[in-house]
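Here are my notes on the model you sent over. I went through the side-chain contacts and the surface, point by point.

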Amino acid sequence: MTTFRAAGATAALVMAHAAAAQQVAPSEAGGTRNPATPTVTSYPQAAAGDGANTNGYNLSRWAEDWSALRDPAKRRDALDALKFIPADEDGDVYVTLSGEARARVNLTTNPNLRETRAQRQDIRRLVLGADVHVGPHLRGFVEVAHGGISGIALGVPSAALRNDLVVQQAFAEVGAEVAGAELGVRYGRQEFTDGPNLLVSQRDNNTIRYTLNGWRGWARTATMRVDLFDLKPTQYGDLGADDDVIDPARRFSGMTLGLVVPRTWLGGSKLYFDPFLWRRRNAVGAWGGRIGPATRYYAGARLWGDAGRWTIDWSANHQWGTYIDQQVDAWQVFMAQTYRLGASPQAVRVGFHADYASGGGGYGDGKLRNAYAPFGNNIYYSYGLFLTPSNLIAVAPNVTVSPTKRLRVTAEYQLAWRDDVRDAVYRANGQPFAGTQNVRDAKIADVARLQAIWSISPRLSMTGRYEHFVAGPSLTGAGYRSSDFLAGWISFRF
């Protein structure tokens, strides 16, 4: 997920729903579900674990509901007709088409924090999806994507940046209402965002998003839900659609619960409490230069939502298991909050996030205390992908202003330290900065960040992003340097 959310988000929610906030859907779209759609979601849709809808749009396009556009009078232009294409007279069978075209440029000085030639990435994304609804209980979704990249000092781009053609998602879903509860199951290739975005995310910053393969099932009432899943990541190739396969080395499974906190608490609130118990298995885990099997369990909970003018996203989890011959014993605590200074949705918001991810043992033979996120939001701590929630303590005040209704600007200043100076500083991909485990200074970096999002029209937006990463002694002592990151992109979605 990519960037700061619309004004009113916490620093943690900010990153999670950026792309959704970049667009404003046609004003009449996204109405109440009707009998032609899949089963009615009794649990609040915003908290059902599918990501947030902002004016009709969602990062996961299958989570959108455009059934209101069955009425031609509510369509604003020709593209609105693509959101509801009936296949029978009653409209019980219909297709919703979706798509995105994004052009982006990234500039990074001292890439990999080494004193070397600046890197420029010219990145292109094309996505097309079809959501097929067959009556109220059956649907299928297919999404294909193309990622292209050119530029200067590229190295070897990953398949998440360069991919001629990929079936990004393809699943079938069935659902029904039984005894007042909504039951459903989805099978196939899909995005998964049911949890804190620092642990699980689509990673919209990439050109090709992070997807998994397997099944997810749920039961939901008006105030409670339970989700079960068993998924394996997609291992992308960089050519045609036939080289994107299920990763045989990794598996992610577990259960997430959800409870609606009583609305009368705290003088009126919209808060949700989500306990979770997960397991991640990796046959090729890597710490301290060793590679071997790892099984890691996650037990935690998340409290998030709005309470008056406060928006919060708090979560904590304990991790245990085994890595080769080491026992895992790790913790993560993420606390993000913002406060709206006025009654208007465009009022200035001030806030901060304070986060802890334990470290230690990556280069030792005792317990492995390095925390690890299954596939979290990679840019939350560094747009340049230089940090991750492992062996990390971070504090970051931030402010968001909206000079106009369509323009939103967020500034943040982050200070980062290591939890254990005997272990390394880790990048967003989980790899260490070599040699930092031998430096005994705690300070990692100061990171100044600025982002602006301009919603030009309902479907067209521009985003600008700047980061100044000031390397601290734990990095400079191992020969690493500071870096500047500048990015801008324009995105069109329908």
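1. Arg 186 lies over the face of Phe 171, 5.0 Å from the ring centre. To count as a charge over a ring, NZ of Lys or CZ of Arg has to be within 6 Å of the ring centre and within 35 degrees of the ring normal.

2. Before going on, keep in mind that this is a predicted model, where local features need pLDDT of at least 70 and side-chain atom pairs count only at pLDDT 80 or more, while totals for chains, interfaces and linings use all residues. Residues are numbered from 1 along each chain as its sequence is written, and side-chain values use heavy atoms, with hydrogens and water left out.

3. Tyr 210 turns up again in a cluster held together by ring pairs, along with Phe 192, Phe 229, Phe 252, Phe 276, Trp 278, Tyr 298 and Phe 375. Rings of Phe, Tyr and Trp (its six-membered ring) pair if their centres lie within 6.5 Å; planes under 30 degrees apart are stacked, over 60 edge-to-face, and the rest tilted.

4. How many aromatic pairs does the structure hold? There are 21. One of them is Tyr 297 with Trp 320, which counts as stacked because the ring centres are 5.6 Å apart and the planes at 20°. That pair links distant parts of the chain, with Tyr 297 in strand E12 (residues 290–307) and Trp 320 in strand E13 (residues 310–323), 23 residues apart. Strands here are DSSP runs of at least two residues, numbered from the N terminus.

5. Tyr 297 is partly exposed at 30% relative accessibility, and Trp 320 is partly exposed at 33%. The classes are buried under 20% relative accessible area, exposed over 50%, and partly exposed in between (1.4 Å probe, protein chains only).

6. Phe 386 and Phe 469 pair edge-to-face, 5.2 Å centre to centre with 70° between the planes. Phe 386 is in the loop between strand E15 (349–357) and strand E16 (392–404) and Phe 469 in strand E19 (residues 460–471), so the pair ties together parts 83 residues apart in sequence. Both Phe 386 and Phe 469 are buried.

7. On to charges: the whole structure has 29 salt bridges, each a side-chain nitrogen of Lys or Arg within 4 Å of a carboxyl oxygen of Asp or Glu. Glu 467 and Arg 449 form one of them (3.3 Å, N to O), linking strand E19 to strand E18 (residues 443–455), 18 residues apart.

8. Elsewhere, salt bridges link Asp 50, Asp 194, Arg 216, Arg 220, Arg 225, Asp 227 and Asp 274 in a network.

9. Last, the surface. Trp 320 also belongs to a nonpolar patch with about 980 Å² of accessible area together, and Val 174, Tyr 187 and Trp 215 are among the other members. Strands E3 (119–134), E6 (181–190) and E10 (250–260) each supply at least two of the patch residues. Patch residues have over 30% relative accessible area and no salt bridge, with like charges joined within 9 Å and nonpolar side chains (Val, Leu, Ile, Met, Phe, Trp, Tyr) within 5 Å. Areas come from the Shrake-Rupley method with a 1.4 Å probe; for residues, only the protein chains shown count as cover.

Notes
Helix = DSSP H or I, 4+ residues; strand = E, 2+ residues; numbered from the N terminus.
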